[in-house]
Amino acid sequence: MRSLKLALRQLKYNERAFRRNPAAAFFTIGFPLIFLVILNVIFGNRTIDLGDRVISGATFYIPAIVTLTVVNSCYTSVAMSWVYDRDSGLLKRIRGAPLPAWAFLLGRITYVVLLMVVLATIVVVFGRLFYDVAIPGATMPAVLVSLAIGAFTFCALALALASFVPNSDAAPAVVNGTILPLLFISEVFIPPDAGTPDWVEKVSLVFPVQHLSKALQTGFNPLETGAGFEPLHLGVISAWGIAGLILTLRFSSWEPRV
Amino acid sequence: MADSVIEVQGLHKQYGEVEAVRGIDLNIERGEVFALLGPNGAGKTTTVEILEGHRTRSAGQVRVLGFDPERNEVALKQRTGIVLQRTGLEPYLTVAETIDMFRGYYPQPLPLDEVLEVVGLKDQRTQRVRRLSGGQQRRLDVAVGLAGDPELLFLDEPTTGFDPTARRGAWTMIRNLRERGKTILLTTHYLDEAQELADRVAIMMNGEIVAEDTPSQLVSADSHTSIRFRIPEEAQLPGKFELQTDESGQVEIRTTNLTQDLHTLTSWAIAEEVSLTDLTVSRLSLEEVFLQLTDKFAEKRENSS
């Protein structure tokens, strides 16, 4: 109980620190919207063939950018901040205080997940207002479950990756280097009917990003008649998450690496 | 029996092939300021980090407030404060918020105003951490270590990089803490700092404790008095003296028996009609003792290898 309270306090300080760095806060919030607008300007007027259905560019890009939001909030920002905080000695300092490690981590993760929810909501509302993309109704539970599993997986992978990043100077390169190529081949920036070679598609299916974007596409599909759950996609994402968790538990450290 | 806060027996730490700590014993009592002194790489930080629970040991017994720090227990952490060498604090929080955040981790924290008072950051309470000067950040480090009102405080090189005024300020702060009955384990490579603050000093070299005593005992130990004077170049001193002459022609004798040696020296001077100009007798400073130990140690190593 006490630890839970501590995690909540941690959340408050995280939020305060975020709010006080307006430039960073602005771009964190603005980033998905900037991509949404740009991609819609370029591809918004055409239709996109998803194989089983043909949808408008805007209908495709809302779930795609929601995927980007999950990846940015959970993977990119968690991995970077973990490496920075490890290098600055903050993690070691926390380790010396009587705050259970998991309470600190829970505060962190809860914070990025809340931020992710806010950003995803902004994207969805923005899509409804400006691109006339319907907000999921009956499929909303499926969307939320996909988001939750996505958040878990990308946070776990971020922490696992952070264990292998030697120092904070290397963090942006390693983090972006591992995720940007995936975003390009996983139907986030580039629609599936853009002539992507078959083998690229196959490669991308090994990784979790493609599965998350596909699960969310189903959740956002206005013609979907079922509940919109994609067990196979969610299963692959979860498997990555569990692998990430195991690597994190095995290799993560709180010590700055000099 | 005195109340031991830290008890260490036969502590070893091995990093691969390197033996960073080679079997040290320590006993630090409640209310004591104990300084661990030594050059960089002597094993000070490794030792302290083992006591803090940041590192595991390779061998030996360690008890801190009755706990084994390796087990990483919250109950121990609630009673200790750690000030590491490196600062790692959230740059966008204010001084007061930072201290408050850490106060929240402890069951019985020190009141915020008291913390600010002790470290002398009252005027900076609403300032963001990133806007603090280096010295102020270091004070904030100490403040964070104090937030939980610990019985035992680890201070790892608290004044490294300070200007002289800031160092004096930090010393006053450490004295204040001592008056509050805190036990403090201080590591430093400044000898004057150890001399100024510590009740006891252990000098560490190459993973071993080579000397341990009160600062005044360390400098007054037998071998640590020096007689300095000038004599004409042609004068031949009695053979029993081992002497060193510096560039300016000043002669120095290190003595273990001041009364006897001074008598021999002055008797010789009177008999030979040599005048001992600028004759002074002085105790070595801790710094000189330290350098002497370092030299001896280096010699010993050369001989053994």
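This is a guided tour of a predicted model, stop by stop, with what to select at each.

Residues are numbered from 1 along each chain as its sequence is written, and chains are lettered from A in the order in which they are written. Because the model is predicted, local features need pLDDT of at least 70 and side-chain atom pairs count only at pLDDT 80 or more, while totals for chains, interfaces and linings use all residues, and side-chain values use heavy atoms, with hydrogens and water left out.

**The contact between the chains.** Next select the residues in contact (heavy atoms within 4.5 Å), 24 from chain A and 27 from chain B. The two chains bury about 2500 Å² between them, 52% of it on carbon and sulfur atoms, where buried area is the accessible area (1.4 Å probe) that two parts lose on being put together, summed over both. On the chain A side, show R20(A), R93(A) and P98(A), which lose the most area to chain B, together 31% of what that side buries. Five salt bridges (a side-chain nitrogen of Lys or Arg within 4 Å of a carboxyl oxygen of Asp or Glu) are counted between the chains; for one salt bridge, display E97(B) and R16(A), whose side chains meet at 2.8 Å, N to O.

**The largest pocket.** Now select F18(A), A24(A), T28(A), S77(A) and S81(A), which lie nearest the centre of the largest pocket among its 43 lining residues. A pocket, on a 1 Å grid over the protein atoms alone, is an open set of points where a 1.4 Å probe fits, with protein on both sides within 12 Å along at least five of seven lines, and lining residues have an atom within 4 Å of a point. Its volume is about 1100 Å³, meaning the space filled by probe spheres set on the points, which are joined across faces, edges and corners. α3(A) gives the most to this lining, with 13 residues.

**The second largest pocket.** Finally, move to T45(B), T46(B), E49(B), R55(B) and Q85(B), nearest the centre of the second largest pocket, which is lined by 25 residues and holds about 540 Å³ of space. Here α1(B) gives the most to the lining, with four residues.

Technical notes. Helices (H or I, at least four residues) and strands (E, at least two) are DSSP runs, numbered from the N terminus.
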